[in-house]
Amino acid sequence: MITLEQSRSLITATRARGREMGLNPLTVVVLDAGGHLVAMEREDGSGYGRPDIAAGKAAGALAMGVSSRKLGDMAAERPQFMAALSAAWHGKLIPAAGGVLVRDEAGVLLGAVGVSGDLSDKDEEAAFAGIAAAGLTAA
């Protein structure tokens, strides 16, 4: 499981990368491997709905074992399947880039991070940077 300390480090680095990139204010959510919230930060000015979007990106990645980017690809290929999953999970699945699985150096799944606030590709780039800076591995 991802620790609170690791989560805080990941969030700090993700936000720092967002500032370096000049992104809109971000919200970063970290879930453990069981899908439980470990940590969340919403930057000043980040929209009201961003925590739910970031959590949905992370939760979808965990539930399906792939990045939320891949879920977006799946949604384009099989929209009815993704709509059914979203309904089954009460809307807690956001199939857009920015949700990334987090592993340790041995490849053990620790959890997932979800980032929301800017374009999804940029959210994902910030997530990757945060994961690496925390000494963890993006999956």
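Five strands make up an open sheet in this predicted model, arranged in the order β2-β1-β4-β3-β5 with antiparallel pairing. The edges of the sheet are β2 (37-42) and β5, each of which pairs on one side only. Helix α2 (residues 50-64) lies across β1, β2, β3 and β4, and its direction makes an angle of about 145° with that of β4.

**Strand pairing**

- Strand β3 (residues 99-103) is joined by five bridges to strand β4 (residues 109-116), and the two run antiparallel; within this pair, L101 stands opposite A112 of β4.
- β3 and β4 form a hairpin with five residues between them, and G107, which belongs to the turn, has a positive phi of about 90°.
- β3 also pairs with strand β5 (residues 137-138), again in the antiparallel sense, over two bridges, and here V102 has A138 of β5 as its bridge partner.
- β4 pairs with β1 as well, in the antiparallel sense and over six bridges, with V29 standing opposite G114 of β4.
- Strand β3 is mostly covered, since four of its five residues are buried.

**Nonpolar cores**

- The largest nonpolar core holds 18 residues, of which I2, L10, V102, V113, I131 and L136 touch the most other members.
- At least two residues of this core come from each of α1 (4-21), β1 (27-32), β3, β4 and α5 (120-133).
- L10 illustrates the contacts made by one member of the largest core: leaving aside neighbours within four places in sequence, L10 is in contact with I2, V30, V102, V113, G130, I131, A134 and L136.

- In helix α3 (residues 68-77), the buried residues are S68, L71 and M74.
- Because these residues cover an arc of only 100° around the axis, they lie on the same side of α3.
- A76 and E77, on the other side of α3, are exposed.
- The packing partners of the buried residues of α3 are α2, α4 (79-88) and β3.

- S46 is placed in the loop between β2 and α2, and because its relative accessibility is 3%, below the 20% cut-off, S46 counts as buried.
- The side chain of S46 is joined to that of T27 by a polar contact of 2.7 Å.
- Not counting residues up to four places away in sequence, S46 touches P25, L26, T27 and S116.
- S120 has its place in helix α5 and is partly exposed, with a relative accessible area of 26%.
- The residues touched by S120, not counting those up to four places away in sequence, are K57, A96, A97 and G98.
- S120 and S68 are 52 residues apart along the chain, and their C-alpha atoms are separated by 9.8 Å.

Terms used: Residues numbered from 1 in each chain as written. Predicted model: local features only at pLDDT ≥ 70, side-chain atom pairs only at ≥ 80, totals over all residues. Heavy atoms only, no water. Buried < 20%, exposed > 50% of the residue type's maximum accessible area, 1.4 Å probe, protein only. Pairing = 2+ DSSP bridges. Core = buried A, V, L, I, M, F, W, Y, C linked by side-chain atoms within 4.5 Å. Contact = heavy atoms within 4.5 Å. Axes fitted to C-alpha atoms, helices over the stretch in contact; angles between N-to-C directions. Arc of directions from axis to C-beta. Polar contact = N/O pair within 3.5 Å; in protein donor to acceptor, adjacent residues only side chain to side chain.
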